[in-house]
Amino acid sequence: MIADAIKNKTKAVIPYITAGLPGMDATGEIIRSLRAAGAAAIEIGLPFSDPMADGPVLQKASHLALKNGFTLEGLMEHLGDWTTSIDIPLIVMSYINPLMRRGIGETLSRFRDRGVQGVIIPDLPSDAREIHALCRDIGIDLIRLVAPTTTLQRQEEVISQCSGFVYAVSVKGVTGVRQCLPGEVARQVQGIKAMTDLPVCIGFGISTAEQVNDMLAFADGVIVGSHLMERIMGDPNPVIAAHDTLRELIGPGIESIR
Amino acid sequence: MKTELKSFQLPDEKGYFGPYGGSFVPPQLQGVLDEITQAYMEIKDDEQFLTELHALYKHYVGRPSPIFHARSLSEKMGGAQIYLKREDLNHTGAHKINHCLGQALLAKKMGKQTLIAETGAGQHGVALATAAALVGLKCDIYMGEVDIAKEKPNVIRMKILGARVISVTRGTKTLKDAVDEAFEAYLGDPITQFYAIGSVVGPHPFPMMVRDFQSIVGREARQQFREMTGSLPDNLVACVGGGSNAMGLFTAFLDDEEVLIYGVEPSGLSLREGEHAATLTLGKPGVLHGFKSYLLQDEKGNPLKVYSVASGLDYPGVGPQHSLLKDLERVTYVTAGDSEAIDAFFDLSRFEGIIPALESAHAVAFALKLAGKLEKDKTILVNLSGRGDKDIDYVAETYGKDYGVV
């Protein structure tokens with residue numbers, strides 16, 4: 001259960017990595033190293049040619065992974081091994097179009113069969129009741145995104161079609177390392193919490209242990225993507241880089257292995 | 001069919017044209033789209049706004065654009081009579097100014113400071129830079145490096161008009177990549193910027209809004225054609241990249257069941273993968289750039305590389321309403337290739353003294369074929385959506401020898 005995995009962790013940090021970078025085998029090793037470093041859950045992003053919600057770092061990661069020959073079918077071969085090698089939830093992030101090629105239902109069922117517990121679709125329309133019902137029937141969490149600019153009416157709609165956790169986007173633009181304003185984010189999270197019992201995790205723009213601590217004062221978890229991928233891509237040993245980066249972000253004094 | 005035709009009052013309030021359209025965007029963008037939708041719905045039937053817009057159409061753009069009976073060309077084909085809706089005579093040389101003025105006025109009313117957009121052939125970019133200069137807004141135009149090289153005169157025009165032209169070097173360096181980069185820039189600051197999309201594509205409300213602003217073309221044409229000939233045209237023809245000039249002409253005629261409508265897609269070099277941009281002809285429904293529509297995509301769901309001699313048609317998607325019109329079989333989508341378009345470019349130039357844009361030359365090419373198959377008392381109205389000044393260097397360099405230009 002994704003919600004429990006987040007709630008039970010004192011410091012729930014969810015690392016995001018792009019699948020297939022630098023290669024499929026490396027992705028498996030990185031997943032295990034992130035687990036060892038104390039991740040609460042792991043989000044893996046499926047590369048897409050036109051990732052409209054992503055900033056330069058994740059765009060670059062996406063394009064490199066596609067250039068390396070990433071395919072959805074190739075991913076399906078590895079997913080089962082990855083989910084059985086860790087005792088925390090694995091969440092898949094994908095833009096909607098690649099999921100539609102063989103039918104969303106079939107693709108999500110195949111994820112579920114391979115142990116994936118949740119899916120994030122950043123370009124889902126705010127009213128996605130059909131896909132929400134589909135996910136419920138299949139037994140996979142549909143994690144929805146809420147932005148600071150999301151109107152109250154849309155927030156209610158999105159949250160009523162959400163499970164696992166609510167992903168609060170902390171900035172107004174695309175993903176990428178930048179300053180967040182904790183005061184504004186705190187108000188945003190409080191607003192969401194008033195509407196739901198689901199955990200609320202904050203993503204977009206988090207790159208330091210201090211920010212993680214600031215955010216965890218009012219949120220249930222944080223997601224770290226661009227900063228981590230930048231380190232992974234810039235290091236000759238991506239597996240160690242992933243581990244060390246996550247350790248730095250979680251900071252001292254917290255159990256790394258239960 | 002009649003009840004289905006009524007559904008042309010689309011989209012619904014969530015932006016869907018049947019199964020197509022919608023708003024497939026990250027939530028941080030949805031907020032601003034909601035704001036634009038609300039602002040547009042407020043001014044769309046507002047008398048003051050419409051008076052202001054139509055005064056500009058008349059005194060600035062030079063509307064109504066005339067309809068011209070292309071007698072020599074019709075005679076050459078020996079069949080139906082070909083008429084041209086002369087959008088090429090608009091200020092800035094294409095139909096794009098119609099929706100640019102509308103969007104610029106809206107942005108100004110919303111208190112935005114900068115208009116941003118992508119452009120393929122540079123027609124939309126020039127029109128937007130013009131509108132921005134007129135209403136007093138800054139303007140950033142994103143354009144693929146390949147297109148910048150091909151459409152130099154338009155690039156210079158935009159700069160003269162005070163716009164910044166940002167060269168896009170990612171991917172195939174053409175229109176799709178320019179859209180990606182413009183979206184990214186927009187997400188970076190959706191508060192002071194207004195993304196004035198260049199066609200009937202993108203998330204709601206753009207396909208509706210751009211169509212509404214363009215629909216002046218068909219409304220004029222319907223009345224003008226009746227006055228000229230005593231009846232409606234038997235056939236309409238327009239080229240389709242994103243599909244803005246086509247929706248502009250078609251919209252006023254959708255309920256006239258006796259009018260046959262053709263949208264012409266570019267088959268480029270061939271219908272082999274990567275050599276064309278015939279989205280409705282060969283694509284499958286998918287989601288790109290925030291809306292659901294037919295899409296040229298590979299088996300993994302990534303958009304395919306597309307190609308056309310006409311930069312403005314070089315796009316793997318198409319406006320969502322076109323997808324619905326295809327499924328309803330209200331519009332027939334056909335193709336014309338590079339060489340047919342170039343032939344038509346020279347035919348129109350040499351038989352009628354009108355140099356068309358390469359985009360519009362695709363519509364002319366199909367109209368010529370169609371005319372040859374029809375009786376002399378039939379009529380074809382072609383949307384001549386743009387003029388070819390921007391293309392002359394490229395055409396002379398690439399095809400000049402074959403046509404005795406160089």
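Across the interface of domain 1 and domain 2 of chain B, the rule finds zero salt bridges. Keep in mind that this is a predicted model. What else links the two domains? There are 23 residue pairs in polar contact between domain 1 of chain B and domain 2 of chain B, both residues at pLDDT 80 or more. Several elements build the side of domain 1 of chain B that touches domain 2 of chain B. Helices H3 (47–61), H5 (96–109), H6 (123–135), H7 (145–150), H8 (152–160), H9 (175–188) and H10 (206–214) of chain B each give two or more residues to that side. H5(B) gives the largest share, six residues. By class, this side of domain 1 holds 20 nonpolar, 15 polar and eight charged residues.

Now step back to the domains themselves. In the domain assignment of chain B, domain 1 covers 23–57 + 96–211. Domain 2 of chain B covers 62–93 + 213–403. Their centres, taken over C-alpha atoms, are 22 Å apart. How many residues are in contact here? On one side are 43 residues of domain 1 of chain B, and on the other are 46 residues of domain 2 of chain B. Between them, the two domains bury about 3,300 Å². Carbon and sulfur atoms give 60% of that area. Within domain 1 of chain B, the residues that lose the most area to domain 2 are B:Tyr57, B:Lys150 and B:Arg211. Together they make up 21% of what that side buries.

B:Tyr83 sits in strand E4 (residues 81–86) of chain B. Is B:Tyr83 buried or exposed? B:Tyr83 counts as buried, because its relative accessibility is 8%. Leaving aside neighbours within four places in sequence, B:Tyr83 is in contact with a list of residues that includes B:Ile67, B:Phe68, B:Phe225, B:Met228, B:Ile380 and B:Leu381. B:Phe194 is another matter. The C-alpha atoms of B:Tyr83 and B:Phe194 are separated by 37 Å, and the two residues are 111 residues apart along the chain.

Next comes the meeting of the two chains. Here, 34 residues of chain B are in contact with 35 residues of chain A. The chains bury about 2,700 Å² between them, with 55% of it on carbon and sulfur atoms. B:Pro27, B:Gln28 and B:Lys300 supply 22% of the area that chain B buries against chain A, more than any other three residues. How many salt bridges are there between chain B and chain A? The count is four. In one salt bridge, the side chain of B:Lys14 meets that of A:Glu157, at 3.8 Å from N to O. The interface of chain B and chain A also has 10 residue pairs in polar contact, both residues at pLDDT 80 or more. H2, H9, strand E11 (284–288) and strand E12 (291–295) of chain B each supply at least two residues of the side that touches chain A. That side of chain B has 13 nonpolar, 10 polar and 11 charged residues.

Helix H2 (residues 27–43) of chain B contains B:Gln30. With 8% relative accessibility, B:Gln30 counts as buried. Beyond its neighbours within four places in sequence, B:Gln30 is in contact with A:Arg154, B:Ser23 and B:Val25.

Salt bridges are the last stop. Side chains of opposite charge can pair when their charged atoms come close. Over all chains, the structure holds 32 salt bridges. One of them joins A:Glu73 and A:Arg102, with the closest N and O atoms 3.2 Å apart. A:Glu73 lies in helix H4 (residues 72–84) of chain A, and A:Arg102 lies in the loop between helix H5 (96–100) and helix H6 (104–113) of chain A, so the pair ties together parts that are 29 residues apart in sequence. A:Glu73 is partly exposed at 34% relative accessibility, and A:Arg102 is partly exposed at 44%.

A salt bridge in chain B has a buried setting. The side chains of B:Asp391 and B:Lys390 meet at 2.7 Å, N to O. B:Asp391 is buried, with a relative accessible area of 1%. B:Lys390 also counts as buried, at 3% relative accessibility. Finally, a network of salt bridges links A:Asp50, B:Lys176, B:Asp177 and B:Asp180.

Note on methods. Residues numbered from 1 in each chain as written. Chains lettered and ligands numbered in written order. Predicted model: local features only at pLDDT ≥ 70, side-chain atom pairs only at ≥ 80, totals over all residues. Heavy atoms only, no water. Domains from an automatic or database assignment. Contact = heavy atoms within 4.5 Å. Buried area = accessible area lost by both parts, 1.4 Å probe. Polar contact = N/O pair within 3.5 Å; in protein donor to acceptor, adjacent residues only side chain to side chain. Helix = DSSP H or I, 4+ residues; strand = E, 2+ residues; numbered from the N terminus. Nonpolar A, V, L, I, M, F, W, Y, C, P; charged D, E, K, R; others polar. Buried < 20%, exposed > 50% of the residue type's maximum accessible area, 1.4 Å probe, protein only.
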